[in-house]
Amino acid sequence: MADRDARGGIYGGTHTGQQGGGGRPVGEHVKGMIHDKGPTASQALTVATLFPLGGLLLVLSGLALAASVVGLAVATPVFLIFSPVLVPAALLIGMAVTGFLTSGALGLGGLSSLTCLANTARQAFQRTPDYVEEARRRMAEAAAHAGHKTAQAGHAIQSRAQEAAGGGGAGAGGAGGGRASS
């Protein structure tokens, strides 16, 4: 309460436009809260164009609602008289429309799946020569590497066989003598 009395009102100012607790008149305080920038010309033109259009559409929707209510009121006795025929006919038409829409949706789904599959296959076949050449190159490198390893293993086996056959006694004695002296 002491704050309210000291500042001269609930919001810190007076209602007569005099100096308030903030040091400036209330009118200037309110002007400070409002944006200085107004709408642009394009925004004003948009509002000026769309406001009447929105009003026209609102009026037309009201007229359509009124016509629907009047039409339903006029057609209700006809619906009641012919209901034994109209209900099965409406169900039949509803099921037929549902079937056509389902058929169309499933057809579009299948068509889009086949299109996607065809695009994927086409891209794969376009890239296939690159993959084949890469695989051929790698297989050639692997075969060359295996050939070198086989040749090295063959030379190693041949040299051991020659050592065993040609200098078997001397080679074994020299190796045995070396072990004995150690």
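## A pair within helix α4

E134 and R137 both belong to helix α4 (residues 83–166), where they stand 3 residues apart, about one turn of the helix. In this predicted model, their side chains meet in a salt bridge with an N to O distance of 2.6 Å. Both residues are partly exposed, E134 with a relative accessible area of 29% and R137 with a relative accessible area of 41%.

## The network around the pair

E134 also forms a salt bridge with R138, whose closest N and O atoms are 3.1 Å apart; because these two residues are 4 residues apart in helix α4, about one helical turn separates E134 from R138. R138 is exposed, its relative accessible area being 54%, a value that falls in this class because exposed means over 50%.

R137 in turn forms a salt bridge with E141, with the closest N and O atoms 2.6 Å apart, and these two residues, 4 residues apart in helix α4, are likewise separated by about one helical turn. E141 is partly exposed, with a relative accessible area of 45%. Taken together, E134, R137, R138 and E141 are linked in a network of salt bridges, while a search of the whole structure finds 4 salt bridges.

## Overall architecture and surface

The secondary structure of the protein comprises 5 helices and 0 strands, and the order of its elements from the N terminus on is α-α-α-α-α. Of the 182 residues, 2% count as buried. The accessible surface comes to about 15,300 Å², and carbon and sulfur atoms account for 70% of that area.

## Annotated transmembrane regions

An unreviewed UniProt entry lists residues 56–82 and 89–111 under "transmembrane region". In the model, the span of residues 56–82 is 96% helix and 0% strand, and its end C-alpha atoms lie 38 Å apart. The span of residues 89–111 is 100% helix and 0% strand, with 32 Å between its end C-alpha atoms.

## A nonpolar surface patch

A nonpolar patch on the surface is formed by L50, L53, L56, L57, V59, L60 and L63, which together have about 670 Å² of accessible area. One of these residues, V59, is placed in helix α3 (residues 41–81).

Key: Residues numbered from 1 in each chain as written. Predicted model: local features only at pLDDT ≥ 70, side-chain atom pairs only at ≥ 80, totals over all residues. Heavy atoms only, no water. Buried < 20%, exposed > 50% of the residue type's maximum accessible area, 1.4 Å probe, protein only. Areas by Shrake-Rupley, 256 points an atom, 1.4 Å probe, with all protein chains shown as cover. UniProt positions renumbered as here; feature names shortened; annotations may be inferred. Patch = residues over 30% accessible without salt bridge, like charges linked within 9 Å, V, L, I, M, F, W, Y side chains within 5 Å.
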